[in-house]
Structure formats: structure tokens, C-alpha cells
Amino acid sequence: MNHFHFIKGRLYAEEVAVTTIAETFGTPVYIYSHATLTRHIKAYERAFTGFPHVICFAVKANSNAAILKLFSSLGAGADVVSGGELFRALKAGIKADRIVYAGVGKTSEEIALAIKHRILMFNVESMEELQEIDRVAAGMKTKAPIALRINPDIDPQTHPYISTGLKKHKFGIPIEKAIECYRIASAMKNIKVVGIHKHIGSQLTKISPFVDSLKRILALLRELRSLGIDIKYLDIGGGVGITYNDERPPHPSELGKNILPLLKNSGITLVIEPGRSIVGNAGILVTKALYLKQGSDKKFLIVDAAMNDLIRPSIYGAYHRIEPVVKTKRGKILSDIVGPICESGDFLAKDREITQVKQGELLAIMSAGAYGFSMASNYNSRPKPAEVMVKGKDFALIRKRETYLDLIRGESIPDFL
Ligand code: LLP
């Protein structure tokens, strides 16, 4: 459920016509709905009420300061994977004791920063990393709280590039080595074992991989406790999918219903790291039609947004619904919807049936709130698009469109030139 809807054939973000925003800030522009963002955080909160839990929003899905500020005001925590994300989360007012830190390549500087701020826990991805955390913590004369990220070897049944929970993936510690690794971790002087973490993949549309992987982790938790290793936090990662086309992913309440009974009397605090399911359908990317080009075999609708603004179709073959912002009664055409970038991989849709649009008219690329702007680049020296948040009748710029000067910020010409 989201708050983008048509009224008399015109697309609205909450109570604001999308055309108004495009006229005010130009295109391409990302538009986010405050009501949808809030609703999604609350849906997770409701799904787990009555059980101790922390919702740690996966910052990589969308790291805009205003969005993080909203989540912080709703009491959310954060799942971060870099010093930059940690900086953003803290700056948005997210409490350090609600921040978890994953990622296979944490540097010693990043580790020190997280220890300094006293985050909830590191989700450790290898024994090599654990040793580094121990070393850095020793230098700071403290103990670092950790969970080991366990790779449960469960197929999440999603796109291969966004699945993470199989043995062949670079993530986590293989489940069969877990006990041995926990023994080593609990003997380390500057490490405090506090949790277990798993995250098996993204855009999951079935509940069974969540349940199956959790059962494996719970068996491990029981074994650890029998060895006297205390586990306070069970972090089940993120991964709940959204509807891009006709997928029917589980609602957070369904996730709650299926997993809470398994956790009864476990005494743990649950950590959940949703990203996409919070922001995905809370954002759209609005673009303007530039040309309708008749190629020798097919039609190309060339628009002013490109793979640098939204890379998901190019790298995952991802489907995003595309709607004209103002509906017309014109006939349909079949075309590739492409951007101006000099790559054949620069497309937003392939062989898409769409109502004919004329030059200058607007299109909305739906479900673009997650891994949209956060994966945007300046490729082809294209300034990154503007971002706008709508709340009821109000709307505000939350990131201004980049300028050409922004493109060369930080570059310098050496004296020998
Ligand atoms: N926790 C960890 C440790 C993760 O690696 C991720 C996502 C999440 C939580 C959040 O997962 P979500 O709830 O958003 O599914 N760029 C890809 C998605 C990559 C996901 C990476 N990890 C895409 O555009 O589909």
C-alpha cells in the first residue's frame, strides 16, 4: 500500500500533483511519500509488538538525511555497512545503541569509529575481521560487542545477485563452523559476544526461507547456550520483498506471525533489518520524454532519466512499472524505454507496452524508493537528480539537483600539468 494514486487521470503523491513537483524542481526527480514511509515503519512495529525488538532500517536502501531523520523520529534504528552510513545514521539522530554494522570489509578506521560511538553490535563476517575488531578494541582499552553473521546455507529463491545465504556467497561464517568460531570469539579479551546475525537475501517473496533459516539459527542458539555462551540479540536481517509487478510478498505481520511463535521463551531481543519493504514503494522517479525514436527493428522511447539515476533494470533486469503522469486516451506502443547514456545496457524497461507519450510529457517509474538514488552515480557526467518529500499538501526538496560544478568538486589539476 502506498500513497501514489491517480485522481481524474493525474498522478498524485499524497495530495500533491506530480506535475506540480516536476514543474517546480525539474526532472528527473525522485519523489517520496511521508505517509507511506511512516506507514511501513509502523507496520513492522505492529508486527512485533509485545516481543522485545529493534527495527534497524537498512540504510543502503535509501540514505537520504530527511528520510533517516523521519525514521529516527519514529524510533527506528539502523543497519549500516560503512563508516559513511554510520555517519549518516548518527547525524540523523539514530541512537548508537540501535545501530548494527554488517559488511565483509570493515576497515580498522571504520571499526574504531563504531566502537567510539558504542553501537549495538558488529555483525562480523569472518574470523579475520573478528581478530581485527579485537585488536582495535584492545587499542581503545574496551570490549567490542559482536554477533557472528552465520551463513545458514538456505536458498532465498531470489535474483542470484541479491541472494547471500548460500555457501558459495562471500557473506558470513558457514553454519558448520559456527560453534568453533563462537568459542574462539568468547575467549577473546576485547570481544563481547552478544548476538547471532543472518541475512539470506533481498526481495524474498516467500515466507519459507525466513522460517527455514531461522530454525537453523535457533538450533545453533540452543547449542551455544548449552555451552554457556550468552546470546542476547537475534538479528534476522532484512529481505522482505515488495510488489514491482505482480509479486505477492509477505506482509510484515505475516513474518511476525510465522516467526514469533518460534521465539517464545527464547529470552532474546529480535533485530530486523528491512530496507526495500520500507522505502521501495514509498518512492517514484519522474522523468520526461525526450524523443520517440523509430529504430529499424523497434521503437525507443528516450527519456531524461537513465541508468545512472536508477540502475536496477540494467544490472538485475529488474522490472519497474512505468506510468504516464497524466493519462490520455492515446493508443499503446511497444518500445524500449531508455536513457541518454552511451551504453546498450542503459534501459529502464524493455519491450514495454505503454500509452503513447509525446515529447515533454512525464512518466513515473514506480517502486523506485529503494536502491534507486542510493545506487545513483554521475556516469556520463550526469548530475544526480533532485529528491523531494511530500507530506499531505506540503512538499519540500530533500536533496537539490546536482550542478555541473558539483561534478568537478574535489578534482584538482596537478602543478606538473
Ligand atoms: N541487512 C543486510 C546485511 C543486507 O545486506 C541487506 C541488503 C539488508 C539488510 C536489507 O535488505 P532488504 O530488506 O532491502 O531486502 N541493490 C539490490 C539489493 C541489494 C541488497 C543488499 N543487502 C537491489 O536493488 O535489488
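Visitor: Where is proline 28 found?

Guide: In this predicted model, proline 28 sits in the loop between helix 1 and strand 4 (29-33).

Visitor: What makes the peptide bond between threonine 27 and proline 28 a cis bond?

Guide: Omega there is about -10 degrees, and the bond joining threonine 27 and proline 28 is cis. Most peptide bonds are trans.

Visitor: How do you know that the buried residues of helix 1 line one face?

Guide: The buried residues of helix 1 (residues 18-25) are Val18, Thr19, Ile21 and Ala22. Seen down the axis of helix 1, they fall within an arc of 160 degrees, so they line one face of the helix. Helix 1 is followed by glycine 26, with a positive phi near 80 degrees.

Visitor: Why is glutamine 203 called buried?

Guide: Buried means under 20% relative accessible area. Glutamine 203 has 10% relative accessibility, so glutamine 203 counts as buried. This residue belongs to the loop between strand 11 (191-197) and helix 8.

Visitor: What is the phi of glutamine 203?

Guide: Glutamine 203 is not a glycine, yet its phi is positive, about 55 degrees. Most residues other than glycine have a negative phi.

Visitor: Why is asparagine 380 called partly exposed?

Guide: Partly exposed lies between the buried limit, under 20%, and the exposed limit, over 50%. Asparagine 380 has 33% relative accessibility, so asparagine 380 counts as partly exposed. Asparagine 380 is also not a glycine and has a positive phi, about 65 degrees. Its loop runs between strand 19 (362-365) and strand 20 (386-391).

Visitor: Why is valine 124 called buried?

Guide: The limit for buried is under 20%, and valine 124 has a relative accessible area of 0%, so valine 124 is buried. Valine 124 is part of strand 8 (residues 121-124).

Visitor: Which residues is valine 124 in contact with, leaving aside its neighbours within four places in sequence?

Guide: Among them are Lys106, Leu130, Ile133, Ile146, Leu148 and Ile173.

Visitor: What puts the buried residues of helix 5 on the same side?

Guide: In helix 5 (residues 108-117), the buried residues include Glu110, Ile111, Ala114 and Ile115. These cover an arc of only 135 degrees around the axis, which puts them on the same side of helix 5. The face turned away from that buried side carries the exposed residues Glu109 and Lys116.

Visitor: What covers the buried residues of helix 5?

Guide: The cover includes helix 4 (83-91), strand 7 (99-101), strand 8, helix 6 (127-139) and strand 9 (144-151). After helix 5 comes arginine 118, whose phi is positive, near 60 degrees.

Visitor: Why is helix 7 called oblique to helix 8?

Guide: Helix 7 (residues 178-187) and helix 8 pack at an angle of about 40 degrees, with axes 11 Å apart. Roughly parallel needs an angle under 35 degrees and roughly perpendicular needs 65 to 115, so helix 7 is oblique to helix 8. Their crossing is right-handed. Ala178, Ile179 and Tyr182 in helix 7 meet Leu220, Glu223 and Leu224 in helix 8.

Visitor: What makes helix 8 roughly parallel to helix 9?

Guide: Helix 8 and helix 9 pack at about 15 degrees, with their axes 11 Å apart. Angles under 35 degrees count as roughly parallel, so helix 8 is roughly parallel to helix 9. The crossing of helix 8 and helix 9 is right-handed. Residues of helix 8 including Phe210, Leu214 and Leu218 meet residues of helix 9 including Leu255, Ile259 and Leu263.

Visitor: How do you know that the span of helix 9 agrees with its number of residues?

Guide: At 1.5 Å a residue, the 12 residues of helix 9 (residues 252-263) should span 16 Å; the end C-alpha atoms are 16 Å apart, which agrees.

Visitor: Why are the buried residues of helix 9 said to line one face?

Guide: Pro252, Leu255, Gly256, Ile259, Leu260 and Leu263 are the buried residues of helix 9. Seen down the axis, they fall within an arc of 115 degrees, so they line one face of helix 9. On the other side of helix 9, Lys257 and Pro261 are exposed.

Methods:
Residues numbered from 1 in each chain as written. Predicted model: local features only at pLDDT ≥ 70, side-chain atom pairs only at ≥ 80, totals over all residues. Heavy atoms only, no water. Helix = DSSP H or I, 4+ residues; strand = E, 2+ residues; numbered from the N terminus. Expected span 1.5 Å × (residues − 1). Buried < 20%, exposed > 50% of the residue type's maximum accessible area, 1.4 Å probe, protein only. Arc of directions from axis to C-beta. Axes fitted to C-alpha atoms, helices over the stretch in contact; angles between N-to-C directions. Parallel < 35°, antiparallel > 145°, perpendicular 65-115°, else oblique. Left-handed = near helix turned anticlockwise from the far one by under 90°. Contact = heavy atoms within 4.5 Å.
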